[in-house]
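Biologist: Before I use this model, I would like to go through some of its local features. Please show the sequence and the structure.

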Amino acid sequence: MMYVNKRKILIRDMGTGSTINIALGTNFFPVDNAELIQSKFVDEEVQNSINPIIDFKKLIFKPADNNWDIIRKFKFNLNFYTPETINNGSPEHRGTGSEPGVYSDIGFSFDDVFCRTNRFTNSFFRLSFYDTPISSENVLLFFTDVYTQIGKDQQEKESGLPLPVNQSPISFVVGDPVLEPNEIHEGFHLYWFKDLVDSSPNKEYEVYAVLQFNNALNGRVYELGPSKDFDVNNIQLNTLEGENGIIYLKVTLKNDNGIYKYRFEPNTKQNKVPPGVNLNPSDGTIPTLTFWQITP
Amino acid sequence: MEKTNKILLNNQRLPNNVNVNTQLQIGLENTNKPLPLNDIDTTVSEYEQFQKERKESTIYRFYGVINPLISNPIFNDNIKIYEGLDEGGSVKILNKKIFSSNIFEKDGWIGYYNDEIDEDALQSNDRKSALCEFFPFDPGYDRLKFLDSDGIPNYLIKITYPFESRNDIVLVRNNVGITINDGIPIISKFSIELNGRLYTGFKTVMNHGLSDGDNISLLNFIDDTLDNSLKLNKRFFRVIKVGNRTNDDKLRSFVIDVEPQEINFNIGVSTIKRVVRGVESKYYIRRFKSITTNYTDYDLYPAAYGTSYFTDDVAAFNFKTDIDVKDLKDNLGRPLTELYLTVLKNDNDADQNSINTQYWLEQQKNLDPPNNNRFWTSMVGGYDLEKNENVNYNIRSYGDDNYINSLYYENIDESDEIFDGDIIEYNDNELLERVLENIYHRFNTVYREKIVNKREGYIYTPFNIIQIKEFSNYIHPIVNFQSILDKYNITNPNEIVELKKSFGIPDYAFELSTNVYKWRDILEIGEVDGIGDGVEYPFISGAHYMYLNERYYLQRQDPPCEFTITSKKLGLGSQVPPENEDLFLSYLSEPTYLNYEFESESDWASSIDNVGNVSPSKLTNNDLINYNGVDTINIFVNFVSFFGDYNLGTRDVAGGCVDLSLLKQKDIDDVC
């Protein structure tokens, strides 16, 4: 049996110097192709079944101001509803600007502050970072905790003693471990995957931060946002979340020519006076983020 | 068939056409895919896949810590620099001399305790003493520490690798062109008695790398026998022992079995080479090339709980930049087995607007560029070699007037891409490099070197080895590839290359003769040979992670280990020029000031009511140096003069090798 075409060529039909092109057909099937299967099929399929290498390299990101200049330290101010206004049924935050509240607003006594009781020192705020500002679908990426401090803000200038709790601001200063060795460093740097940032458009990667204060005195978790632009008596979900909500503060991680930085980028509501984010204070003071309690 | 072509001969197309040869392109495409005839089960080995990926990866990520040992025993001047009002009432940078009695050492740093209240510390009450804050003299923390708060790095860390070698440097000056390529120079000879007979010993200018029983060749030595029976150039000599008469100095002295009167040497000309199974070693300098270049290649931050025994802050680093060693070859053309964590002192290490920087630049303003606008001299390189005025590249001698003709590696800058490095011995019968001498970098402040003529600087070793792979401890048996080529008459170069690969002959193999090779295998990561050689480190995210724990020791160039007491006679009182009062005060401000004493005991007795033997720190112009109403009193002012091996100008502070118990007069309790 032949599996090729059969042609008869007569000499008289051919001119001088004729050539005949013969097609090199490759449509044959080897009966035993085990070697081919191993090298071309199995090995390839095995290779296809192996997961690609994912790069888990994380880097330090340093905070920057609005001009992407790295800052040495910055401050968090937390402002809660005052007990008096809660009691009289119309909750209001302390002050009218971007100042912090005081420790008496959340129930601490002078002894707590002076003696650094466990319930004081174990209270902290958590900055949680999500991939999107939509609560129903976002994923928690990472978080950072900052514990209560008795720093210069909380001390009398002359004696160095802790201020009375109704004067002791709820503020937290975090600083660069090299440039500001005397400050608290937890919460200053962010740590994230290098390749995710490098492969993002413009090498900028966006996450969204939410702040919660954990009060060890009463076990309560307070939600705070970097804006006062909401009606305490009519809080709606769409006021809180989304790109223009008040609780999600956009944070951009950036590879700036090999220097990895991040900065807080407030939306319109978070930028309203008094602003929640002031990274370039005109008076030369320390860059400050202020968060206000949302639900009383 | 997918496609059918009909091809007509030319004479079939038109009546008068003639047939010609015709070429037809036929694509050889195979669209079939072999399918297994049966079900096939295959097990994928996670371990094998891991090994495969690890073997294929050439990416390295380095992180770790640097344990520094840094202080400032070599400082510009014992002054406090501050801003104040001048006589005209305008703000000006001023200085105040710190009396010898107020100079203190704290954790190795030389400086003073501030005599003015730190208002900020006082007000904030942050438990920092408002009075007794220690300030080092310049260069201080802001210029020397690995981690300092001015935000301007003091050192640059690079990853480098040896990429070429040079053998043209002249370690000992000579007129006949002898270089390191000719072996290790001899600088002295000694005789030594062993078992009742005399042997000859030689001292080398650098580490010789010899062991007892090694063979050496003696090159350009002088045969003092009458019949030239030593046959210096025709035989090798066995090293009887290493070390000198007292069995010390084993790294640079050795003894051979030749009577001392029979052999001699010419300095700079006579050299030795180690011999392994009849083959002389080669000697050369490795040169290093930078893989990383910038400060942005890594993060530097305080290590957790990072304080060394000497209270230096341990610095942690993490290289953001991945290091890819693919296609990189070392100086011998081999795949890289070593990288180097290279620490380089930089020049722009402090705020140019700080009052301290401004003060020193003002002092240097009359110097020629670039010395008028930089704090540090540029770096020079050399080795820790024997003290001899004919020796080049002796880093400890730099600045000594007796070594003015010496050669060094000059004008080294942290931004350089290529650096001269260590001195290596390599023997073709061992196929391993041995480091004989490490390179040192040296720098000093411009003020010290150019203005006050204090020429002792700081030195350090910049290169720290990172062993990324190791060579096998055995040499692969010799492969006579030529015999294969001859047997099968293979001459095609491409075939030869392919055949070499199939024989497993690496491209770095040493060619004994034409197509006869030997080599050492490079152990894969995780592979350990019979004697435990091999490397093992984590492989994650497609990269090799290596933790490095390195030291950085900033040393004195020539620590003065000896001292003498010197005295200067001075007259005080109403009968001597008033300049003597200033002179006396300047003596008290010398860092090396020790004490003063009266020439005559009667002077002491007569003055005791006026002055007593008060501490110099309490001196004022009114209570001692005037001696109002007193006739001339002669005093001897005593100083401690420290000196080291080299003439590098006045030394302000003793080396750590000096026993200061005789001189100790005060401690911190005297001030605070």
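Predicted model: local features only at pLDDT ≥ 70, side-chain atom pairs only at ≥ 80, totals over all residues.

Biologist: Which residue does a cis peptide bond join to Asp138(B)?

Modeller: Helices (H or I, at least four residues) and strands (E, at least two) are DSSP runs, numbered from the N terminus. Omega is about 0 degrees, and the residue joined to Asp138(B) is Pro139(B).

Biologist: Is Asn220(B) buried or exposed?

Modeller: Asn220(B) is not a glycine, yet its phi is positive, near 65 degrees. It is found in the loop between strand S10 (215-219) and strand S11 (222-223) of chain B. A residue is buried if 20 or more other C-beta atoms lie within 10 Å of its own, exposed if 12 or fewer, and partly exposed in between, with C-beta atoms placed from the backbone. Asn220(B) has 20 such neighbours inside 10 Å, so it counts as buried.

Biologist: How many C-beta neighbours inside 10 Å does Lys203(A) have?

Modeller: Lys203(A) also has a positive phi, about 55 degrees. Its loop runs between helix H5 (194-198) and strand S7 (204-215) of chain A. Lys203(A) counts as partly exposed because its number of neighbours inside 10 Å is 14.

Biologist: Within an arc of how many degrees do the buried residues of H5(B) fall?

Modeller: Asn356(B), Tyr359(B) and Trp360(B) are buried in H5(B). The arc is that of the directions from the helix axis to the C-beta atoms. Seen down the axis, the buried residues line one face of the helix, because they fall within an arc of 90 degrees.

Biologist: Which residues are in contact with Leu339(B), leaving aside its neighbours within four places in sequence?

Modeller: A nonpolar core is a set of buried Ala, Val, Leu, Ile, Met, Phe, Trp, Tyr and Cys residues joined through C-beta atoms within 7 Å. The largest has 101 residues, and Leu339(B) is among those with the most contacts inside it. Two residues are in contact if their C-beta atoms, placed from the backbone, lie within 7 Å. For Leu339(B) the contacts are Ile159(B), Tyr161(B), Ile323(B), Ile466(B) and Ile468(B).

Biologist: Which are the edge strands of the open sheet of five strands?

Modeller: Two strands pair if DSSP finds at least two bridges between them. The order of this chain B sheet is S23-S22-S26-S27-S36, with antiparallel pairing. Each edge strand pairs on one side only, and the two are strand S23 (409-412) and strand S36 (555-556) of chain B.

Biologist: Which residue in S27(B) stands opposite Arg442(B)?

Modeller: Strand S26 (residues 440-443) and strand S27 (residues 458-460) of chain B pair in the antiparallel sense over three bridges. Opposite Arg442(B) stands Ile459(B).

Technical notes:
Residues numbered from 1 in each chain as written. Chains lettered and ligands numbered in written order.
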